[in-house]
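Q: I have a structure open and have not looked at it before. Can we go through it piece by piece?

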Amino acid sequence: MRRALSAAATAFALLGGVIVVLVAGLTVVSVVGRWAFATPIPGDVELVQLGTASALALFLPYCQLHGSHLIVDIFTVRSGAVLHRWLDEFAHVVAAGVLALLAVRAAWGVESLRAAAETSMVLGVPLWLAYAPMVPSLALAALIALLRLRAARTEATA
């Protein structure tokens with residue numbers, strides 16, 4: 001199971017990386033076009049916003065898998081291993097719950113955007129297309145949080 005989730009998280013992160021590279025390329029072309037020819041790419045700002053939102057969500061499972069989220073341990077740096085283990089397990093439970101809730105709410109939001117046929121202002125891009133990748137990404141991140149919880153508990157009993 002871990003191998004499949006790891007492969008999926010890696011694929012999501014690579015897709016997010018491709019989107020970031022495309023957004024960067026779009027930005028460069030638009031800035032050069034604006035500077036050199038006074039003709040930026042129409043809708044460049046909304047494409048950057050939509051692409052960045054999608055990419056950010058696609059990175060979440062990989063970050064969750066590798067535990068590379070920000071950890072502030074200023075108050076627990078000198079506490080014992082038992083407290084650290086308990087806090088890590090608690091964090092995995094909270095992360096799984098929050099990510100699952102966000103996945104459900106994102107699914108509702110995507111469906112609402114699709115039903116309303118809401119589009120971006122300049123290009124008329126259907127907004128639900130940009131937010132749709134968030135749903136499976138958040139769900140995968142929630143599953144990975146549960147997997148990490150199980151791994152942490154297995155390590156604790158070993």
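Q: Leaving out residues up to four places away in sequence, what does T76 touch?
A: This is a predicted model. In it, T76 touches H84 and L87, with residues up to four places away in sequence not counted.

Q: Where is T76 placed?
A: T76 lies in the loop between α2 and α3.

Q: Is T76 buried or exposed?
A: T76 counts as buried, because its relative accessibility is 19% and the cut-off for buried is under 20%.

Q: How far is T76 from R153 in space?
A: Their C-alpha atoms are 20 Å apart, and the two residues are 77 apart in sequence.

Q: On to helices. At what angle do α3 and α5 pack?
A: Helix α3, residues 81-116, and helix α5, residues 134-157, pack at about 165 degrees. Their axes are 8 Å apart.

Q: What does that make them, roughly parallel or roughly antiparallel?
A: α3 and α5 are roughly antiparallel to each other, because angles over 145 degrees count that way. The crossing of α3 past α5 is left-handed.

Q: Which classes of residue are in that contact?
A: The contact of α3 with α5 has 20 nonpolar, 1 polar and 4 charged residues.

Q: And α1 with α2, how do their axes cross?
A: Helix α1, residues 2-37, crosses α2 at roughly 155 degrees, and the axes come within 8 Å. α1 and α2 are therefore roughly antiparallel to each other. Their crossing is left-handed, and the contact holds 16 nonpolar, 9 polar and 3 charged residues.

Q: Which residues make up the largest nonpolar core?
A: That core has 12 residues in all, among them A53, L99, M134, L138 and A141. The elements giving two or more residues to this core are α2 (44-65), α3 and α5.

Q: What does Q64 touch?
A: Not counting residues up to four places away in sequence, Q64 touches H69, H92, A95, L99, A141, I144, A145 and R148.

Q: What about D44, which helix is it in?
A: D44 is in helix α2. D44 is buried, with a relative accessible area of 14%.

Q: What is D44 in contact with?
A: Apart from neighbours within four places in sequence, D44 is in contact with L26, S30 and R34. D44 and A152 are 108 residues apart along the chain, and 44 Å separates their C-alpha atoms.

Q: Last one: where is P133?
A: P133 sits in the loop between α4 (127-131) and α5. P133 is partly exposed, with a relative accessible area of 23%.

Q: Which residues does P133 touch?
A: P133 touches S54 and L58, not counting residues up to four places away in sequence. P133 and S112 are 15 Å apart in space, C-alpha to C-alpha, and 21 residues apart in sequence.

Terms used. Residues numbered from 1 in each chain as written. Predicted model: local features only at pLDDT ≥ 70, side-chain atom pairs only at ≥ 80, totals over all residues. Heavy atoms only, no water. Axes fitted to C-alpha atoms, helices over the stretch in contact; angles between N-to-C directions. Helix = DSSP H or I, 4+ residues; strand = E, 2+ residues; numbered from the N terminus. Parallel < 35°, antiparallel > 145°, perpendicular 65-115°, else oblique. Left-handed = near helix turned anticlockwise from the far one by under 90°. Nonpolar A, V, L, I, M, F, W, Y, C, P; charged D, E, K, R; others polar. Core = buried A, V, L, I, M, F, W, Y, C linked by side-chain atoms within 4.5 Å. Buried < 20%, exposed > 50% of the residue type's maximum accessible area, 1.4 Å probe, protein only. Contact = heavy atoms within 4.5 Å.
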